[in-house]
Amino acid sequence: MTVMGAACSAFWTEVFEYDTPKIVHIKSIKIGLACRIIQLLIFSYIIGYVIVYQKGYQNHDKPSGTVTTKVKGTAYTNVTNTGLGGDNLYKRLWDVSDYVIPPEEHNSVFVMTNMLITDDQSQSTCAEDPDVAKVICDEDKQCPAGEPVYIGNGVRTGKCISYNSTIKTCEIYSWCPLENERKPPKVQPVIQAAKDFTILLKSTVRFDKFNFRRRNIVENASEDYLKNCTYNAQHHLFRFCPIFRIGDILKESTPKVEWGDISVKGGIMGIVMNWNCNLDFDDEYCLPTYEFKRLDDPFAKLARGYNFRFADFYKVNGTLYRRQTKAYGIRFEIQLHGDGGRFDVYFLVLNVASGIALLAVATVICDICVLYLHKKKDYYYDKKYKQVDELKDDYEDLQSSSSVGRTGSSDIPVYNRNLQAGK
């Protein structure tokens with residue numbers, strides 16, 4: 001019970017212990033200098049970085065909005081001896097209705113630069129492509145009728161027929177003839193002139209916290225300026241032009257993108273509109289800056305680039321036909337980034353108060369140095385901390401009072417007793 005009682009006593013002593021700060025003035029040039037340097041660094045961080053650089057005196061908001069695009073440009077292609085077959089399909093004029101697919105998208109636009117065309121397809125039967133898995137056969141029973149070729153081009157008819165003089169494959173019901181087996185040009189795209197096409201970006205952004213709206217087209221610009229300008233980041237006037245030449249976008253991207261690579265295989269480019277606006281100034285200074293970067297992986301070993309298929313349908317003598325195009329090109333994704341700020345007393349006071357509270361870090365660091373690292377740490381520790389035991393002090397005071405009461409007259413000094421005896 002004695003051990004249990006001691007443990008309980010120690011526990012309750014710790015629970016009902018109270019700590020109060022004690023101020024100790026240390027007359028030391030080194031410690032005082034260290035404290036002032038740390039406070040100066042914290043003060044510089046608050047004023048220089050938080051308040052000035054990060055504009056801690058402002059309330060901030062992110063931009064929201066939308067972007068519409070308009071592509072312009074025409075090209076005439078006279079592609080011959082490509083090995084594609086049907087050279088007449090590539091000898092033609094191309095305008096925006098032909099190479100922008102689909103005509104309109106949300107915050108993006110696709111420009112076709114290369115293609116593979118398969119003409120006069122109709123729904124009939126033909127031999128499946130031997131490059132497709134599980135279609136090479138020797139007899140009909142290997143081609144169950146009605147079973148689709150899931151990664152192929154149609155549905156098996158139940159027959160095994162000759163694909164060429166050496167290979168037999170399952171016959172399928174599909175859009176025949178199948179897609180042209182030849183590959184599109186690898187040296188340069190069919191629409192080589194597409195690098196000179198232009199894209200007009202029209203964007204309206206909002207900073208909802210401040211009820212602020214702004215367009216990327218300079219309001220005081222003339223119609224002649226908009227008709228004749230092309231974006232140039234180095235020109236003091238044309239760096240705000242919203243019309244971009246495709247070739248320039250690739251050149252100014254980070255890292256630089258080669259036209260011959262992305263136009264042949266296709267790819268995805270990002271156009272970043274940065275709306276960083278200080279709304280404490282006039283509205284005319286709130287204009288975007290632009291960044292360009294490639295979003296897909298140009299070094300991928302498999303399935304590199306960007307392509308898709310679409311078809312145009314027509315009828316001849318009541319029979320439905322289609323022209324299928326495998327389109328390669330550049331997809332431009334337009335992204336809105338940025339930050340808008342306006343002066344707000346609340347945020348100024350909040351950041352200043354937070355900075356003042358941060359000054360206490362200097363005291364903590366100096367205390368650690370003095371109490372744990374300094375050569376006189378034991379001396380400073382005794383000056384910094386004092387143990388006060390209220391129960392022990394009360395007991396000692398009580399004992400002192402009792403002792404005085406018991407002594408009575410014997411506590412009177414000797415010379416006083418002598419004086420009393422002489423009376």
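Where is P177 found? P177 sits in the loop between β7 (168-176) and β8 (198-207), where helices (H or I, at least four residues) and strands (E, at least two) are DSSP runs numbered from the N terminus. The model here is a predicted one, so to speak of local features takes a pLDDT of at least 70, side-chain atom pairs count only at pLDDT 80 or more, and totals for chains, interfaces and linings use all residues. Residues are numbered from 1 along each chain as its sequence is written, and side-chain values use heavy atoms, with hydrogens and water left out.

On to the peptide bonds. Most peptide bonds are trans, and most residues other than glycine have a negative phi. The bond joining C176 and P177 is cis, with omega at about -5 degrees. A cis peptide bond also joins I101 and P102, and its omega is about -15 degrees. P102 belongs to the loop between α3 (96-99) and β5 (108-127).

Then there is the matter of phi. K55, a residue other than glycine, has a positive phi, near 50 degrees. Its place is the loop between α2 (29-53) and β1 (58-61). With a relative accessible area of 29%, K55 is partly exposed, a label for values between buried (under 20% relative accessible area) and exposed (over 50%), using a 1.4 Å probe and protein chains only.

A303 is another non-glycine residue with a positive phi, near 50 degrees. A303 lies in the loop between β12 (289-294) and β13 (307-316). Its relative accessibility is 80%, so A303 counts as exposed.
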